[in-house]
Amino acid sequence: MWSVNWRAVVQPTQFLRRTVATAVSSSTQPSPQSAIKAADPLQPVYLTLSSLHGKKVKDQAVALDPTVFNHPIRRDILHLCAVHYLDAQRQGTASTKTRGEVRGSGRKIRPQKGTGRARLGDGQSPMLRGGGVAFGPKPRDFSTKLNRKVIEMGMRVALSAKLKDQRLGVVRRLHWYCPKTRTLKRRLDLLGWTTGTLFITGESQVHPALRLAGRNLPGMDFKVVNDLHVYDLIKWRRVVLDISAIQSLERRLSRGWVDILEEPTVSQSQSAFPLLQSTSTEPRPVQLQ
């Protein structure tokens, strides 16, 4: 501190010149062209498209938002979201009676002195069998507070972790043609989606035939995207989304990603699905295991 003040007093002109030069250099703003050149454009993440009905979807992939599906992995954020969800699931109905709530007389059991035995009060004492419970549980709310932005970050981290581990699948639509469990199980066995698979749809409800066909299959579940939690992505080994679910997640979790690069052209047959891209000239996409 003394050295800085001494320099300011002894060399006031040089100190003032340096301050003004710093202010001028910080006030100048770069041109938009230089800013675009200096910026690092985020490349979209491509994921191969699968088919639940067995139709061929060769050389088709889904362009995913990198701010949602390519987020840095934060194990601490996942832990906070998991604890927050599990705390909210606790019923909190455990209850015990204190010595004031136990039924019985308040008469002293025996005299204070003269018997040679221990001192006792009434029969509701926590030391006696049938008495009250000292510091026992009472009904309470176990839910904790967690900021909305932390939960959104946890969703991005969980989706990015699934994509990094190659345990994220994408289909056009989560529909099935019949409510027979045998047909669905045969198709899922071919795809390898039998154990620990969570199917998420972006529609208002799960397709009735798909729900009826899969409710007897162990190790899988069906959910709508509005009921999805971070704990679900952590719990299930594999997650399969449809196009509408991806669009819903990107609308809710996107952080203003703007692709500076030129977007690849989409054919007219794929206009109904704007996320679908042709991967003939793109690097090899990630495949679901």
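Is β5 largely enclosed by the rest of the structure or left open, and how many of its residues are buried? The points below take up this question and other features of the predicted model.

1. Strand β5. Of the five residues in β5, four are buried, so the strand is largely enclosed by the rest of the structure. β5 spans residues 220-224 and stands at an edge of its sheet with a single partner strand, so one side of it is left without a neighbour in the sheet.

2. Four strands form an open sheet in the order β3-β6-β4-β5, and their pairing is parallel.

3. Pairing of β4 with β5. These two strands run parallel and are joined by five bridges. Within this pairing, Thr197 has Met220 in β5 as its bridge partner.

4. Pairing of β3 with β6. Strand β3 (residues 168-171) is covered on both faces: Leu168 and Val170 are buried on one side, and Gly169 and Val171 are buried on the other. β3 pairs with strand β6 (residues 238-242) in the parallel sense through four bridges. Gly169 has Val240 in β6 as its bridge partner, while Val171 stands opposite Asp242 in β6.

5. Helix α10 on the sheet. Helix α10 (residues 243-253) packs on this sheet and touches β3, β4 (197-201) and β6. The direction of α10 makes about 95° with that of β6.

6. Helices α5 and α6. The axes of α5 (residues 75-89) and α6 (residues 148-164) come within 9 Å of one another, crossing at roughly 115°. The crossing of these helices is left-handed. From α5, the residues Ile77, Leu78, Leu80, Cys81 and His84 meet Val150, Ile151, Met153, Gly154, Val157 and Ala158 of α6. By class, the residues of this contact comprise nine nonpolar, two polar and no charged.

7. Positive phi values. Which residues other than glycine deserve a check of the backbone here? Phe135 has a phi near 55°, a positive value in a residue other than glycine. Phe135 lies in the loop between α5 and α6 and is exposed, with a relative accessible area of 87%. Gln166 also is not a glycine and has a positive phi of about 60°. Gln166 is placed in the loop between α6 and β3, and its relative accessible area of 29% makes it partly exposed. As background, most residues other than glycine have a negative phi.8. Ser51. This residue is found in the loop between β1 (45-48) and β2 (60-64). Ser51 counts as buried because its relative accessibility is 12%, under the 20% cut-off. The side chain of Ser51 reaches the backbone nitrogen of His53 at 3.4 Å.

8. Gln205. The loop between β4 and α8 (208-214) contains Gln205, which counts as exposed at 51% relative accessibility. Gln205 and Phe222 are 17 residues apart in sequence, and their C-alpha atoms are 9.5 Å apart in space.

Key:
Residues are numbered from 1 along each chain as its sequence is written. This is a predicted model: local features need pLDDT of at least 70, side-chain atom pairs count only at pLDDT 80 or more; totals for chains, interfaces and linings use all residues. Side-chain values use heavy atoms; hydrogens and water are left out. Buried means under 20% relative accessible area, exposed over 50%, partly exposed in between (1.4 Å probe, protein chains only). A polar contact is a pair of N or O atoms within 3.5 Å; within protein, one must be able to donate a hydrogen and the other to accept it, and residues adjacent in sequence count only if both atoms are side-chain atoms. Two strands pair if DSSP finds at least two bridges between them. Axes are lines fitted to C-alpha atoms, for helices over the stretch in contact, and angles run from 0 to 180 degrees between N-to-C directions. A crossing is left-handed if the near helix is turned anticlockwise from the far one by less than a right angle, and right-handed if clockwise. Contact means heavy atoms within 4.5 Å. Ala, Val, Leu, Ile, Met, Phe, Trp, Tyr, Cys and Pro count as nonpolar, Asp, Glu, Lys and Arg as charged, and the others, Gly among them, as polar.
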